[in-house]
Amino acid sequence: MPNQENDTIIELKSVSKRYGFGDAESYALRNFDLTVKRGEFIMIMGPSGCGKTTLLNIIGLLDKASTGEYILGGKDVSRVSANKKARFRAKEIGFIFQSFNLVPNLSIIENVSLPLIYSGYRKTRRLRMADNILEHFHLREREYYMPYQLSGGQQQRVAIARSLIANPSIILADEPTGNLDSRNSHIIMEELQEIHSLGNTIIMVTHNPALTTYATRVINMLDGEIDTDIKTVADSELPRAGKGEKVSVKVLPSRKPIEMEIISDDDVVVSGKKVSTKKDEKESDKAEKTKKPEKDSKAKKTEKAKSDSKKKEKDEKTKKTDDKKKESKKEDKK
Ligand SMILES: Nc1ncnc2c1ncn2[C@@H]1O[C@H](COP(=O)(O)OP(=O)(O)OP(=O)(O)O)[C@@H](O)[C@H]1O
Ligand SMILES: [Mg+2]
């Protein structure tokens with residue numbers, strides 16, 4: 001049984017983030033305490049502005065706390081240099097954002113290889129690694145596309161590939177499914193679940209309560225503080241890579257590709273489960289509804305045309321009989 005103390009990967013002690021001074025002073029985080037074990041899948045929820053993104057940015061070393069202590073992997077990182085933080089971030093932390101954050105003027109393969117910049121590998125090796133991971137995500141044939149040429153779901157899969165390429169042990173995801181439809185959200189969640197099952201630690205922000213079924217712990221935040229904190233899986237049950245072994249994504253060659261089959265425009269089977277997009281169904285319903293009046297109006301038009309032509313025939317007949325009558329009257333007079 002691994003030592004519980006050594007299983008702690010993230011520790012925030014009374015961390016506060018303050019913006020502004022004097023009258024304009026406000027706190028995005030207030031005396032925030034958090035201990036995260038390796039292998040946890042934490043979902044952070046809470047109303048807009050309660051400090052979720054601020055928390056992720058501090059954990060991911062993208063932002064600095066105003067006060068408090070941050071211990072990451074047993075090291076106090078509260079006061080390390082910016083350069084050291086950048087290196088640590090590139091090696092240990094993978095980020096996934098709501099808006100994908102791909103670099104627009106770099107190709108997909110270049111985007112994915114970006115986190116390897118601190119790896120010491122030559123560019124050709126970095127690109128080869130990116131090519132491998134893109135194959136795993138079924139995106140190899142698009143690796144020389146530019147980000148704008150990909151759909152939202154594809155861009156987010158590229159962003160996940162990028163977040164994993166340096167074999168990080170922590171994945172931070174800020175509303176990763178926020179810009180996706182239900183089908184793509186499901187695909188992304190299945191990916192995250194698999195990454196988690198390999199023993200990685202995931203902290204994800206979401207506004208969607210339905211997604212908490214994937215989590216081992218759900219934290220609700222309110223005004224920069226923890227409101228509720230519920231673990232749904234005991235620490236001893238958390239996935240781990242093995243005693244004493246560094247827990248990290250073994251991505252890629254050893255990973256099983258997710259089984260995904262598109263069975264129609266609206267339905268896809270992911271790992272044996274059929275997923276259909278409600279949005280699409282509603283849209284097709286709407287389309288049906290808008291089609292119907294069209295049909296009705298067509299039918300009305302043909303009916304009107306028929307009755308018009310009958311009326312015309314009738315008018316012509318009455319005109320002819322009138323003419324005949326007039327002619328016979330003329331002849332009578334003669
Ligand atoms: N650069 C900044 N300057 C001043 N205040 C800021 C800054 N960044 C964030 N804040 C404030 O900190 C608070 C927390 O913001 P944060 O982005 O963490 O919220 P959030 O929970 O992620 O919200 P959302 O669900 O809308 O993404 C907000 O009140 C916000 O106005
Ligand atoms: Mg946010």
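1. Helices (H or I, at least four residues) and strands (E, at least two) are DSSP runs, numbered from the N terminus. This is a predicted model, in which local features need pLDDT of at least 70 and side-chain atom pairs count only at pLDDT 80 or more, while totals for chains, interfaces and linings use all residues. Residues are numbered from 1 along each chain as its sequence is written, and chains are lettered from A and ligands numbered from 1 in the order in which they are written.

2. Glu141 sits in the loop that links α4 (123-136) to α5 (152-164). Glu141 is exposed because it has 9 other C-beta atoms within 10 Å (buried means 20 or more, exposed 12 or fewer, partly exposed in between, with C-beta atoms placed from the backbone). Asp131 is ten residues from Glu141 in sequence, and their C-alpha atoms are 9.7 Å apart.

3. Ser107 belongs to the loop between β6 (93-97) and α3 (108-113). Ser107 counts as partly exposed, because 19 C-beta neighbours fall inside 10 Å. Apart from neighbours within four places in sequence, Ser107 is in contact with Glu143, Tyr144, Tyr145 and Met146 (contact: C-beta atoms, placed from the backbone, within 7 Å). For Glu143, 36 residues from Ser107 along the chain, the C-alpha separation is 6.9 Å.

4. The residues surrounding ligand 1 include Tyr19, Ala28, Cys50 and Lys52. Helix α1 (residues 52-59) contributes the most to this shell, with three residues.

Key:
Near = placed C-beta within 6 Å. Contact = placed C-beta atoms within 7 Å.
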